[in-house]
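Here's a quick tour of a metal site and some ring contacts. Have the viewer open as you read.

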Amino acid sequence: MKILDIRIREREDSRGAPTIVVFVTTKGGAGEASIPSGKSTGMREAKTLAPKDAVNAGAQIAAALAGHDFSNNRALDKTLIALDGTPLKKNLGGNVMLGVSLAFARVRAAAEGKALWEILRAEYFPDLAATPIPRIFANLVNGGVHAKSNLSLQEYLVVAKPYLSVSDVIAGLKKLYAILGKMLAEKFPSASVGIGDEGGYVADFRDDREPLEILTKLLRVSHSDDSWFLGLDAAASTFFKNGSYRLGNETLTAAELATRYASYAKTVPLLKTIEDPFAEDSLDDFAAFQKAHPELRLIGDDLTVSNAAAITAATARGAIKGVIVKPNQAGTVTETCDAITAATAHGLDVIVSHRSGETPDPFLVHFAKAGNVYGVKIGAPIAHRLPRYEELVRIYDTC
Ligand code: 2PG
Ligand code: MG
């Protein structure tokens with residue numbers, strides 16, 4: 001498919017911060033992709049260029065690629081990676097490169113009359129056949145850098161065990177969300193309960209343990225404790241300062257923080273997963289904690305930054321049992337799919353994730369379906385988080 005032009009326009013994300021939409025025109029048609037952006041970003045994830053620089057990078061890519069023919073995404077992405085020439089995509093930006101790569105995949109999908117996930121499946125996961133429904137990781141209480149509150153931990157998630165249809169689980173989740181809203185309104189002055197970046201509630205909790213206790217109660221009173229479990233995303237790099245962890249008013253060593261998580265898990269038996277429990281450079285602490293607590297599943301995010309080599313290294317150390325995959329951490333369609341392939345080969349639970357600053361573009365759901373992943377992390381079922389819920393219904397329940 002011959003590239004004719006690439007254009008980039010600035011748009012707002014769900015936080016009202018500037019991000020980009022990328023348009024690719026080829027001889028066979030046009031495609032576009034809107035790129036989300038993170039706040040608790042890993043230092044080794046692909047760099048995001050500000051919109052002005054992104055427009056220039058887009059023009060540079062257009063000048064280099066116009067007239068070139070690419071038969072698949074791997075060929076295009078290889079050329080983009082070479083053109084950028086840096087490990088963290090500092091020159092062309094991971095946001096720009098992913099936008100070009102994804103928009104091109106969409107052109108191919110449209111030309112073949114297929115869904116995006118089918119194009120990705122055919123190119124990157126040709127041996128997969130079934131399409132199991134992924135578990136939804138829904139963030140119902142927001143803290144850390146995603147909320148103005150006293151919580152250091154970033155995300156308190158409810159997760160549905162396997163179920164029959166996406167619509168059923170979303171209906172159950174919306175009920176949980178409404179009941180939780182009522183519980184919090186009774187507990188706190190209602191004007192003080194807010195909504196965070198990912199649609200979860202924000203309130204003045206006693207400490208970082210309290211939301212886990214309240215979510216346990218939520219699952220019990222709604223008789224959902226046999227079909228749902230709880231997860232945390234600590235995003236611990238965000239409260240790691242000068243070699244220690246600032247959890248609320250406390251300053252903890254890694255060992256003390258590990259003891260705290262273990263005590264959460266003991267008193268909150270529904271807690272099964274912890275994402276980024278330690279800072280992004282603390283592979284040893286991940287490995288020690290995962291070995292001491294095989295009943296918990298540690299998940300790498302900032303630790304592994306959707307990079308196949310980093311995922312392999314973390315798995316070799318026994319540091320994680322699951323991994324977050326975010327396409328804009330990787331920076332191209334190919335590297336995203338290679339990360340999914342590597343993680344799956346290592347037996348990890350793969351969870352394809354949104355970013356805290358989102359757009360209506362639901363592309364992540366197509367990566368999930370193409371790669372038959374374990375889960376999707378998509379926030380609470382409201383407002384700007386809904387496009388990914390709707391896409392799940394569209395491509396799992398109605399196709
Ligand atoms: C995370 C993400 C998404 P951000 O840490 O997992 O929930 O947050 O997009 O801000 O990096
Ligand atoms: Mg995370």
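What follows covers the metal site, then the aromatic pairs, then charges over rings.

This is a predicted model, where local features need pLDDT of at least 70, side-chain atom pairs count only at pLDDT 80 or more, and totals for chains, interfaces and linings use all residues. Residues are numbered from 1 along each chain as its sequence is written, chains are lettered from A and ligands numbered from 1 in the order written, and side-chain values use heavy atoms, leaving out hydrogens and water.

Start with the magnesium ion (ligand 2): its protein donors are Asp 233 (OD), Glu 275 (OE) and Asp 301 (OD), at 2.1 to 2.2 Å. Donors here are N, O and S atoms within 2.8 Å of the metal (3.2 Å for Na, K and Ca), and with water not among the atoms, sites may look incomplete. Along the chain, the spacing reads D-x41-E-x25-D. Asp 233 and Glu 275 are both buried, meaning under 20% relative accessible area (1.4 Å probe, protein chains only).

On to the rings: there are 14 aromatic pairs, counted when Phe, Tyr or Trp (six-membered) ring centres lie within 6.5 Å; planes under 30 degrees apart are stacked, over 60 edge-to-face, the rest tilted. Two of them:

| Pair | Centres | Planes | Type |
|---|---|---|---|
| Tyr 177 and Tyr 201 | 4.5 Å | 15 degrees | stacked |
| Phe 278 and Phe 286 | 5.9 Å | 70 degrees | edge-to-face |

Phe 278 and Phe 286 are both buried, and they belong to one aromatic cluster that also includes Phe 239 and Tyr 245.

Lastly, the charged end of Lys 369 sits over the ring of Tyr 396, 4.9 Å from its centre; the rule is NZ of Lys or CZ of Arg within 6 Å of the ring centre and within 35 degrees of the ring normal.

Note on methods. Buried means under 20% relative accessible area, exposed over 50%, partly exposed in between (1.4 Å probe, protein chains only).
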